[in-house]
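I opened the notebook to follow the charged side chains through one model.

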Amino acid sequence: MRMRPTLNWTPTEGLPPGTTDLEPVAGALGIGGVLVLSGAGISTESGIPDYRGEGGSLSRHTPMTYQDFTTSAQARRRYWARSHLGWRTFGRARPNAGHRAVTAFGRLGLLSGVITQNVDGLHQAAGSEGVVELHGSLERVACLSCGAFSPRRELARRLQEANAGFEPVASAINPDGDADLTDEQVEGFRVVPCAVCGGILKPDVVFFGEAVPPPRVEHCRQLVREASSLLVLGSSLTVMSGLRFVRQAAQTGKPVLIVNRDPTRGDRHAVTRVALPLGTALTAVAGRLGIPIDDEATARAKE
């Protein structure tokens with residue numbers, strides 16, 4: 001089932017206020033069995049903007065929808081031109097302290113799993129294992145006709161060959177890897193077809209207006225059932241794809257803890273919302289628990 005995308009959510013009155021008290025988060029991690037659900041906010045310190053926070057990309061950019069992509073050749077040309085440029089910039093982003101803290105918690109067995117709404121691969125780059133990519137990954141490309149998958153780097157090579165000299169300057173890069181370019185800048189960009197059957201290629205990500213595959217949703221629901229608590233990191237929970245897991249946890253009596261500077265759509269279901277930057281908050285929690293976090297240089301050396 002595909003639904004009309006929900007792009008914005010307006011906070012309502014009566015939501016509990018945010019706090020700077022990290023003790024509930026440290027306490028949950030101390031018990032263990034914590035399931036992490038991360039959103040775009042955990043990657044902002046890596047230079048990737050979020051959608052809805054201060055300066056978020058939705059203030060200037062409407063993400064591609066599944067309906068537009070599948071029905072309009074012009075929309076696909078615009079998407080691939082912008083994404084081709086954004087891919088190169090996106091690929092230079094490195095995990096930040098928040099990603100490394102999540103990796104450290106997992107390494108010590110404090111987490112039951114990690115679900116991310118992000119498509120940037122930064123949790124894995126930081127060393128986290130078994131990450132469930134709820135909305136897919138920009139690392140892969142799928143054919144809408146034959147279903148074949150291929151590496152994004154291979155498509156990047158083909159697009160580069162088909163568009164020699166394509167070097168526009170983007171005004172910004174968005175959380176989905178899409179660069180802000182004008183219609184004039186993308187005019188004439190050549191889209192390449194599937195190398196297997198000649199069909200339409202799409203990044204292996206869930207666009208706005210597209211449903212998350214049911215088996216993936218059920219896997220995430222099972223992770224919620226098995227967890228002791230749910231820790232939401234950097235997500236406004238505006239879209240139902242993430243909010244449903246918060247509701248599920250709350251309905252079954254599992255504590256929901258949120259670290260996000262702005263109010264979220266899940267605040268009323270949470271025992272606390274810590275209104276601090278992710279890197280600062282998670283580094284402080286690790287310090288309280290006596291857990292070492294790799295610094296950036298050490299993390300790079302392990303790659």
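I searched the whole structure for salt bridges (a side-chain nitrogen of Lys or Arg within 4 Å of a carboxyl oxygen of Asp or Glu) and found 9. I noted that the model is predicted, that local features need pLDDT of at least 70 and side-chain atom pairs count only at pLDDT 80 or more, while totals for chains, interfaces and linings use all residues. Residues are numbered from 1 along each chain as its sequence is written, and side-chain values use heavy atoms, with hydrogens and water left out.

Next I looked up Glu154, which forms a salt bridge with Arg157, with the closest N and O atoms 2.4 Å apart. Both lie in helix α6, 3 residues apart, or about one turn of the helix; helices (H or I, at least four residues) are DSSP runs numbered from the N terminus. Arg157 also meets the side chain of Glu161 in a salt bridge of 2.7 Å, N to O.

I then checked accessibility, where buried means under 20% relative accessible area, exposed over 50% and partly exposed in between (1.4 Å probe, protein chains only). Glu154 is partly exposed at 32%, Arg157 is partly exposed at 40%, and Glu161 is exposed at 56%.

Last I turned to Arg158, also in helix α6, which spans residues 152-162. Which side chain of opposite charge is nearest to Arg158? I found Glu154, 5.2 Å away, and Arg158 is buried yet has no salt bridge; Arg counts as positive and Glu as negative.

Notes:
Helices (H or I, at least four residues) and strands (E, at least two) are DSSP runs, numbered from the N terminus.
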